[in-house]
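Student: I have a model open and would like to learn how to read it. Can we go feature by feature?

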Amino acid sequence: MKSLKVVFLGTPEFAKTALEAIHQSHHEVVGVVTVADKASGRGQKINQSPVKVFTSENNIPVFQPEKLRDPEFLEELRKLDADVFVVVAFRMMPKVLFEMPKMGTFNLHASLLPDYRGAAPINYAVINGEEKTGATTFFINEKIDEGNILLQEEIPVLENENAGSLHDRLMEMGSKLVVKTLDGLAENSIIEKPQPEVEHPKNAFKIFKEDTRIDWTKNSKEVHQFVLGMSPYPAAFTTLKIGEEEKGLKIYNGKFEVSEHGKPVGSLEISKNDFRIYTKDGIYFPLELQLEGKKRMNIKDFLNGFRNFDEIKMA
């Protein structure tokens with residue numbers, strides 16, 4: 001089978017797993033593009049992306065341009081004479097870059113396109129209670145996540161699965177799909193097809209802090225799926241009033257029951273052995289949570305941290 005010369009573009013762990021799969025295949029990774037190293041934390045320690053760490057361990061040439069239109073960087077990439085560029089969890093690319101390789105540039109996206117175009121497809125598949133999702137490889141064009149589909153594979157979303165678990169399963173499946181796509185392009189056996197026209201495709205917009213607040217006026221199942229879809233990152237939250245102080249409370253996991261309760265929606269009942277929040281159609285019971293300024297803990301340890309439950313209210 002023909003071996004392709006590949007330039008890989010990506011940053012996080014999700015991308016690193018795909019890069020590793022290509023590196024272990026018979027295709028040749030001739031260069032990698034990733035984000036510039038950043039100083040972070042109290043000590044301003046220099047952090048490298050998971051993709052950068054992998055390139056260092058495997059002696060793969062790496063590029064970390066501040067600007068993707070930098071003429072010097074583009075010239076260096078041209079010299080590599082790659083057949084194809086592979087993009088996984090990277091940033092927006094200019095036309096001059098994605099049109100460079102002779103076979104084009106393809107992207108791995110963690111959804112069944114055209115649904116869930118955007119930055120957070122895994123979170124929204126869980127939030128919306130989808131029974132299945134998947135991964136798609138597609139040629140990049142000037143519109144976000146709208147290019148011609150190469151390959152697509154489905155995966156079931158498990159009951160009570162959170163975004164973290166689904167991310168890890170899609171990461172493994174997606175890395176295999178990338179290699180399968182490279183094999184198909186090398187053999188000229190893939191027929192690219194335009195994405196189906198859907199009047200209202202489901203969106204996966206970038207998630208901001210204000211999007212992670214739990215809406216207790218929704219029904220219990222929706223609240224439960226929202227918590228799972230935000231877990232473990234960026235994490236769904238609500239606000240408690242403890243005495244005179246307001247504190248954010250992240251909830252990572254819980255359970256619910258549907259029941260008529262006659263209580264105000266969004267109110268809570270809390271005691272040494274129980275923490276319940278009333279929703280539109282029932283009760284939500286947080287099981288794993290983190291109060292602002294504290295570490296993440298289970299409900300038993302959380303409740304053991306309080307003496308006076310009367311002073312705790314929903315803010």
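**Reading the sheet, the cores and the rings**

Tutor: Begin with the sheet: 7 strands form an open sheet, in the order E5-E2-E1-E6-E7-E8-E9, with mixed pairing. This is a predicted model, where local features need pLDDT of at least 70, side-chain atom pairs count only at pLDDT 80 or more, and totals for chains, interfaces and linings use all residues. Residues are numbered from 1 along each chain as its sequence is written, and side-chain values use heavy atoms, with hydrogens and water left out.

Student: What makes two strands a pair?

Tutor: Strands of a sheet pair through backbone hydrogen bonds, either parallel or antiparallel. The rule here is at least two DSSP bridges between them. Helices (H or I, at least four residues) and strands (E, at least two) are DSSP runs, numbered from the N terminus. Take strand E1 (residues 5-10) and strand E2 (residues 28-33): they pair in the parallel sense over 5 bridges. Val 6 has Val 29 in E2 as its bridge partner.

Student: Which are the edge strands?

Tutor: Strand E5 (62-63) and strand E9 (149-156). Each pairs on one side only.

Student: How do I read a nonpolar core?

Tutor: A nonpolar core is a set of buried Ala, Val, Leu, Ile, Met, Phe, Trp, Tyr and Cys residues, joined through side-chain atoms within 4.5 Å. Buried means under 20% relative accessible area (1.4 Å probe, protein chains only); exposed is over 50%, and partly exposed lies in between. The largest core here has 40 residues. Those with the most contacts inside it include Phe 8, Val 88 and Leu 182. Helix H6 (residues 163-187) gives the most to this core, with 11 residues. A second, separate core has 32 residues, including Tyr 116 and Met 230.

Student: What is Val 88 in contact with, beyond its neighbours within four places in sequence?

Tutor: Contact means heavy atoms within 4.5 Å. Among the partners of Val 88 are Phe 8, Phe 14, Leu 108 and Val 178.

Student: How many aromatic pairs are there?

Tutor: Rings of Phe, Tyr and Trp (its six-membered ring) pair if their centres lie within 6.5 Å; planes under 30 degrees apart count as stacked, over 60 as edge-to-face, the rest as tilted. The count comes to 5 aromatic pairs. Phe 302 and Phe 306 have ring centres 5.1 Å apart and planes at 70°, so this pair is edge-to-face. Phe 306 and Phe 309 make a tilted pair, 6.2 Å centre to centre with 50° between the planes. Phe 275, Phe 302, Phe 306 and Phe 309 form one aromatic cluster.
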